[in-house]
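Reader: I'm new to this one and would like to learn how to read it. Could you walk me through it step by step?

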Amino acid sequence: MSGSWERELDEAARKLDGADTLAFGGVGLAGQILPATEAYRTLEQGLREHPEAARKRIDRLLRRGSPAGRAYAATLLEAVDPAAGRDAWARLRGDDGEFTTFSGCLMGRTTLGEYAADRLASAQSS
């Protein structure tokens, strides 16, 4: 029988699967937390509390998610397994799927490939 935490992880993965916006904090003047950001945080917590179950959902999201969902998944993977995260970003570098980004009040648009290339460059410079 599935526990409530499993249902929460499933729901979070579903939300990220269809995400069209990438934001890790509050957006806009009001600092609103988007549903995808909440889902990201749920999976992030799941990685700490139920690492194997959360990792399965993240791996599936990396394979089949929306462009923003795959970016969230690669970010989560990078946090727990930097080498696997770099491999994921390298695989995503050629993806031309687009999504919206938010950094506070600043909204932008990018492709998954551009975002992945930026993440790889940041990892190499640190």
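Author: Glu78 has a relative accessible area of 17%, so Glu78 counts as buried. One caution before we go on: this is a predicted model, where local features need pLDDT of at least 70, side-chain atom pairs count only at pLDDT 80 or more, and totals for chains, interfaces and linings use all residues. Residues are numbered from 1 along each chain as its sequence is written, and side-chain values use heavy atoms, with hydrogens and water left out.

Reader: Where does Glu78 lie, and what is Glu78 in contact with?

Author: Contact means heavy atoms within 4.5 Å. Glu78 sits in helix 4, residues 67-80. Leaving aside neighbours within four places in sequence, Glu78 is in contact with Gly85, Trp89, Arg119 and Ala123.

Reader: How many helices and strands does the chain come to?

Author: Helices (H or I, at least four residues) and strands (E, at least two) are DSSP runs, numbered from the N terminus. Here there are six helices and three strands, and along the sequence they follow the pattern α-β-α-α-α-α-β-β-α.

Reader: What order do the strands have in the sheet?

Author: The general idea is that strands of a sheet pair through backbone hydrogen bonds, either parallel or antiparallel. Two strands pair if DSSP finds at least two bridges between them. In this model the three strands make an open sheet with the order 1-2-3 and mixed pairing. Strand 1 and strand 3 stand at the edges with a single partner strand each, so one side of each has no neighbour in the sheet.

Reader: Which pairing is parallel, and which is antiparallel?

Author: Strand 1 (residues 21-22) pairs with strand 2 (residues 98-103) in the parallel sense over two bridges, and Leu22 stands opposite Thr101 there. Strand 2 and strand 3 (residues 106-111) run antiparallel, joined by six bridges. Ser103 is opposite Leu106 in that pairing. These two strands form a hairpin with two residues between them, and Gly104 in the turn has a positive phi of about 65°.

Reader: At what angle do helix 2 and helix 3 cross?

Author: Two packed helices are described by the angle between their axes and the distance between the axes. Axes are lines fitted to C-alpha atoms, for helices over the stretch in contact, and angles run from 0 to 180 degrees between N-to-C directions. Helix 2 (residues 35-49) and helix 3 (residues 51-64) cross at roughly 140°, with axes that come within 6 Å. Angles under 35 degrees count as roughly parallel, over 145 as roughly antiparallel, 65 to 115 as roughly perpendicular and the rest as oblique, and these helices are therefore oblique to each other. Leu43, Gly46, Leu47, Arg48 and Glu49 of helix 2 make the contact with Pro51, Ala54, Arg55 and Ile58 of helix 3.

Reader: And the whole chain: what share of the residues is buried?

Author: Of the 126 residues, 43% count as buried. The C-alpha atoms fill a box of roughly 40 × 35 × 25 Å, taken along the principal axes.

Methods: Buried means under 20% relative accessible area, exposed over 50%, partly exposed in between (1.4 Å probe, protein chains only).
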